[in-house]
Each structure stands twice: as C-alpha cells, then as structure tokens.
Amino acid sequence: MHKIPSITLILTIFLTAANSHTQAVNFVNFTAEEKRRGEEFMEEINSQVSLVKDDITNDYIQKLGAKLVPEKNYHFFIINDDSINALAGPAGYIGINSGTMGAVESEDELAAILAHEVAHGTQHHLERLVNSTKNTKLIATASMLAAALIGTNSHSNAANQIASGISLASLGGMAQQTINFTREHEIEADNIGIKILHTAKFNPHAMVTLFERMQHRNLSSPSEIPKFLLTHPLTEDRIANAKNRADLHGVTKNTPSLAFSLVRARIQMLTTKFPMELEKYFRHGLNRHCSSNCIANHYGYALALMARGKIQESQEIVDKLLLAKPSEPLFKMLEAELEMKNKNIAEALAVLKSSMDNSQNYDPLVKQYIRTLLVAKKYPAALTIIQKQLWQRNNDADLYFFLAEVQSSSKQIAEAHISRAQAYIIMNRLNQANTLLKQALKIPNLTSDERDIINAKIIQLKNTSTKR
C-alpha cells in the first residue's frame with residue numbers, strides 16, 4: 001500500500017493553494033472590480049466556446065505572452081475556431097483563435113497580435129468603453145461582454161443567442177460595433193504594442209508586415225474578410241502610423257523559432273476538421289524546400305499519421321526527428337504516445353523518464369509522465385512527483401485532479417473530493433467545487449479533521465460568491 005499524504009499535509013497544501021490562487025488573479029494595475037469582472041468573463045468564455053485544452057500549446061502561448069508582460073499575471077488562452085481573430089477581455093485575459101496560429105508566418109507576428117491585445121488591456125480600453133456608455137450595467141455583465149467579443153465567431157448557441165439579444169435589444173441604440181474598440185484605441189494599442197515588442201526583443205516591424213498581408217487579403221478577397229479586421233479595422237493611415245512607430249525602433253532580426261513552428265503544426269492538427277487533407281498538406285511539405293519549417297512539417301506529418309491510426313508510419317517519421325533533435329521533448333513525448341498506442345506502457349514510461357532527465361522543468365512533459373504512471377497504476381511513483389510539483393506550483397488544477405486519482409486508488413474518498421474541489425476552485429468553477437464539497441460531507445466515517453476542512457471550504461466559497 002502506497003503512502004498517501006496525511007490530512008494535515010493535504011490541509012497545508014490546500015490552504016497554500018488557496019492563497020496562491022488569490023495571487024494568480026491579482027492582476028497588476030487592474031482594480032478589484034476589473035479582476036472580478038475578468039474572472040466572471042472567463043467563466044462565460046468557458047461556457048460559450050471550446051478552448052484548446054492541450055498542455056503543449058497552452059504552455060507555449062502562456063510563455064510567449066509572459067515574454068511580453070513579464071511578472072504580470074496576464075492569462076493567455078486559445079479558442080478552438082479556425083477564423084483569424086483575437087480579443088482582450090477584462091483584467092488581462094487575452095485570447096486568440098486557433099486559426100490565427102495558422103495565419104501568422106513567424107513567432108514575431110504571433111507576438112505582435114498578442115502585444116496589440118495586451119496593450120488594449122494595459123490601457124483599460126474595454127473598461128473605458130464600457131464606462132463611457134449609458135448602459136453600463138447592461139453591457140458590463142460578463143455574459144454580455146463575452147458574447148459581444150466572441151459571438152460573431154462562435155458556434156455556441158449560448159453565445160449566438162446572447163449576441164443576437166444584444167443586437168435586437170440594441171441596448172438603447174448601441175449596436176454590436178459599440179463593443180469594438182474605437183479607431184483611437186486601435187492606434188494606441190498599435191503604438192504600445194510595438195513598444196512592447198521592441199522591449200521583449202521581438203521585431204516591431206512584424207506588426208506592420210502582418211497588417212499589410214491582412215489588408216492585401218481583404219482587398220483580393222473582399223467576401224472573406226478576416227474577423228480580426230471586423231473587430232480591429234485597418235486603414236492606410238493606421239498601417240502608415242504603425243510603420244512609422246516601428247521605424248523608430250529599427251529592425252530586430254530573430255532566428256526562426258522551432259518552438260513556434262512545432263506548436264503551429266500541432267495546433268493545426270489538433271483543431272482540423274479535415275485530418276486527411278492536413279496529412280496530405282504536411283506530406284507535400286516534406287517534398288519542398290521548407291528551410292526552417294522542414295522539421296515542423298515532419299512533426300505535423302507524424303501527428304497526422306498517428307491521428308489516422310498509421311502508427312508504424314508515424315514512428316518512422318519520429319525516428320528521423322529524434323536523429324535530428326534527440327533532446328527535443330516534443331519528439332520524445334510523441335514517441336511515448338506512439339508506444340502507448342501500441343500498448344507498450346513500460347516503454348512509454350522509459351522514454352518519458354529519460355526525457356525528464358533533460359527537461360524536468362517542462363510542465364507538459366511532467367504531466368504526460370504523471371498521466372502515464374497513473375495509467376500504469378504506479379501510484380506511489382506518481383504521488384512522489386505530484387507532491388513535488390504541488391510544493392513548487394500549487395495553483396495548477398491538473399495536479400489536484402492527479403492527486404485525487406491517487407487518493408481514490410487508496411479509497412480515500414473524502415480527500416479525493418477535497419482535491420477535486422480545489423481543482424475546480426483554481427479553475428473558477430465555484431459551483432462545481434461547492435457541489436463536490438457538499439457531497440463529501442455525506443461520505444460515511446468522516447474524521448473530524450476532514451469534516452472541518454470541508455465545512456471551512458464551503459464557508460469560504462459562500463463568502464467568495466457573496467462578494468460577487
């Protein structure tokens with residue numbers, strides 16, 4: 001029987017995590033009201049659209065965003081939508097559509113889009129626009145904000161219904177475009193975004209290049225205007241202004257980012273509706289002079305082959321990738337996935353363990369290793385890593401879900417409920433957390449310590465909900 005943490009240890013981690021979560025939403029330069037609105041906004045986003053839930057892509061976009069706003073708790077997320085668009089919600093929540101990843105041609109261009117949205121946040125453009133309206137109470141609700149920002153590119157019935165409601169009611173004469181940033185806001189976001197790019201050592205001219213290409217696409221195919229242009233309209237003056245601003249900072253030449261190319265290939269595969277066509281696309285890329293994208297084409301092709309059940313063919317591509325880049329964690333992780341597809345759990349664990357020796361601080365790798373240990377029912381080994389990770393970063397919901405699985409394996413049902421509830425609290429899904437905790441109170445033979453912890457968390461959740 002593997003040793004499960006004592007209730008005292010669980011309580012210590014649990015309460016520490018609660019404090020860490022509070023810090024995680026303590027956005028610099030945002031008011032308490034903006035923070036509250038931001039949390040509610042993300043709850044609406046989660047309920048209205050499908051987000052890309054992939055450790056590798058989310059780790060990449062968050063780290064890229066952190067380069068633009070270091071030491072500031074901005075949160076970056078990816079919406080599973082093949083159109084080109086991005087949004088800046090309240091309190092530093094920055095979202096981009098998955099289609100945007102395929103549309104940009106370099107990491108500098110992707111950084112330019114994020115920097116522009118970050119600038120909207122730092123200048124409080126959304127809040128200033130909301131506060132300038134005569135219908136502040138109506139338009140400021142989280143559901144209205146979420147629907148207005150994503151309703152036009154969402155397939156969610158809820159989002160479309162709310163967006164339609166906004167249009168029909170007109171909110172006292174305000175149409176959808178009222179939410180869109182004004183021309184002055186766009187130029188201000190361009191100017192500050194370019195400065196952010198320069199400070200973070202990205203090429204400021206990437207914003208200009210991206211704008212010019214999108215405008216050309218608009219002019220050549222007016223019936224297919226990217227939704228980014230509907231919410232962030234371009235004009236000749238705006239592009240000229242951006243160029244002048246970029247010229248002030250000069251040109252920064254960066255080596256093409258392998259991480260960007262790999263993640264772009266990955267997200268195309270994860271979100272495609274046409275896997276067979278994407279397989280052909282990547283295979284075609286192997287036969288061209290693809291320079292820095294050549295490795296990414298091989299990676300995308302291997303992912304496509306695996307998705308279509310062509311395990312042996314995918315393994316042959318991965319073998320070539322590992323010869324070229326033997327220490328690249330994404331290739332080792334894909335090799336482990338292929339071993340799992342062949343039901344070779346021991347081999348998958350060996351691959352991941354060897355990769356952990358070189359990349360033990362890479363969160364997606366650590367999580368894949370934990371998941372594989374759990375599949376293998378190696379609970380003591382999984383628990384050791386989970387506990388170490390919790391002491392290092394105890395505001396990660398996945399780690400509490402992992403801990404709950406280990407606790408369930410030893411019939412520690414109350415502890416498992418508490419851990420899952422903590423995961424939901426971190427995710428701002430307070431109703432689900434509350435339901436779990438109330439269910440936990442009905443578990444037979446609760447210890448007094450367990451009952452005290454559960455009741456304390458229920459009271460804490462009630463106070464949090466009241467403040468909202």
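## Ring pairs, salt bridges and one leucine

The structure holds three aromatic pairs; to count as a pair, rings of Phe, Tyr and Trp (its six-membered ring) need centres within 6.5 Å, with planes under 30 degrees apart called stacked, over 60 edge-to-face and the rest tilted. Keep in mind that this is a predicted model, where local features need pLDDT of at least 70 and side-chain atom pairs count only at pLDDT 80 or more, while totals for chains, interfaces and linings use all residues. Residues are numbered from 1 along each chain as its sequence is written, and side-chain values use heavy atoms, leaving out hydrogens and water.

**An aromatic pair**

- F401 and Y424 are edge-to-face, because their ring centres are 5.4 Å apart and their planes sit at 80°.
- F401 is in helix 22 (residues 397-409) and Y424 in helix 23 (residues 413-426), so this pair ties together parts 23 residues apart in sequence. Helices here are DSSP runs (H or I, at least four residues), numbered from the N terminus.
- Is Y424 buried or exposed? Y424 is buried, at 17% relative accessible area, while F401 is partly exposed at 25%. The cut-offs are under 20% for buried, over 50% for exposed and in between for partly exposed (1.4 Å probe, protein chains only).

**Salt bridges**

- The count comes to 19 salt bridges, each one a side-chain nitrogen of Lys or Arg within 4 Å of a carboxyl oxygen of Asp or Glu.
- K63 and D59 make one of them, at 3.2 Å from N to O. Both lie in helix 3 (residues 55-68), four residues apart, or about one turn of the helix. K63 is partly exposed at 42%, but D59 is buried at 14%.
- K280 pairs up with E277, their closest N and O atoms being 3.9 Å apart. These two share helix 15 and are three residues apart, again about one turn.
- R371 and D398 also meet in a salt bridge, 3.9 Å from N to O. This pair links distant parts of the chain, with R371 in helix 20 (residues 363-375) and D398 in helix 22, 27 residues apart.
- Salt bridges with shared partners join D55, D363, K367, R371, R393, D396 and D398 into one network.

**A look at L286**

- L286 belongs to helix 15 (residues 275-286) and is partly exposed, with a relative accessible area of 21%.
- Which residues does L286 touch, not counting those up to four places away in sequence? They are N297, H298 and Y301, where contact means heavy atoms within 4.5 Å.
- L286 and H298 are twelve residues apart in sequence and 6.7 Å apart in space, C-alpha to C-alpha.
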